[in-house]
Amino acid sequence: VQLQASGGGLVQAGGSLRLSCTVSGAVFRFPTMSWYRQAPAKQRELVATITHEGTPNYADSVKGRFTISRDNAKNTGSPQMNSLEPEDTAVYYCNADVISLLTLRVQNYWGQGTLVTVSS
């Protein structure tokens, strides 16, 4: 099982980016996908989570600006990030609890991270 994140880049303040994370391999399903971010010299923080049924939950710092969605048929999860601020600059990581198709056991996986830079 692998998680592949993409979609980061450089954007001006007030702009938008859409990240995506694809879960590949022997995947039965992934009950939960979360996005974390880590800014320079700061701890990694939880940004948003979405359940298999599509119920989202957001950190207060991104509520009203970020919208997370998922496509269970394609095994992807995507946060749409609007009204970006310089404080959103960070490496963004996807994380998922994945049920293995082979064992039906749950294991947690991390993607490799994608850099989002918001210029003022």
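Which residue in β11 does Ala 96 stand opposite? Select both strands and you will find Tyr 109 across from Ala 96.

Before we move on, a word about what is on screen. This is a predicted model, in which local features need pLDDT of at least 70 and side-chain atom pairs count only at pLDDT 80 or more, while totals for chains, interfaces and linings use all residues. Residues are numbered from 1 along each chain as its sequence is written, and side-chain values use heavy atoms, with hydrogens and water left out.

Stop 1: Strands here are DSSP runs of E, at least two residues long, numbered from the N terminus, and two of them pair if DSSP finds at least two bridges between them. Now select the 5 residues between the strands: Leu 104 in this hairpin takes a positive phi near 60°.

Stop 2: Phe 28 belongs to strand β5 and is partly exposed at 47% relative accessible area; buried means under 20%, exposed over 50%, and partly exposed in between (1.4 Å probe, protein chains only).

**Stop 3: the disulfide.** Next, pick Cys 21 and Cys 94, joined with an S to S distance of 2.2 Å; a disulfide is counted when two cysteine sulfur atoms lie within 2.5 Å. The link is right-handed, with 60° about the S-S bond. Cys 21 sits in β4 (residues 20–24) and Cys 94 in β10 (residues 90–100), 73 residues apart. Both cysteines are buried.

**Stop 4: the core.** Select Met 33, Trp 35, Phe 66, Met 81 and Tyr 92, the residues with the most contacts inside the largest nonpolar core, which has 29 residues. A core is a set of buried Ala, Val, Leu, Ile, Met, Phe, Trp, Tyr and Cys residues joined through side-chain atoms within 4.5 Å. β10 gives the most to this core, with 5 residues.

**Stop 5: two loops.** Finish with Ala 41, between β5 and β6, where phi is near 65° and the residue is exposed at 90%. Asn 75, between β8 and β9 (76–81), has a positive phi of about 55°, yet counts as buried at 18%.

Technical notes:
Helices (H or I, at least four residues) and strands (E, at least two) are DSSP runs, numbered from the N terminus.
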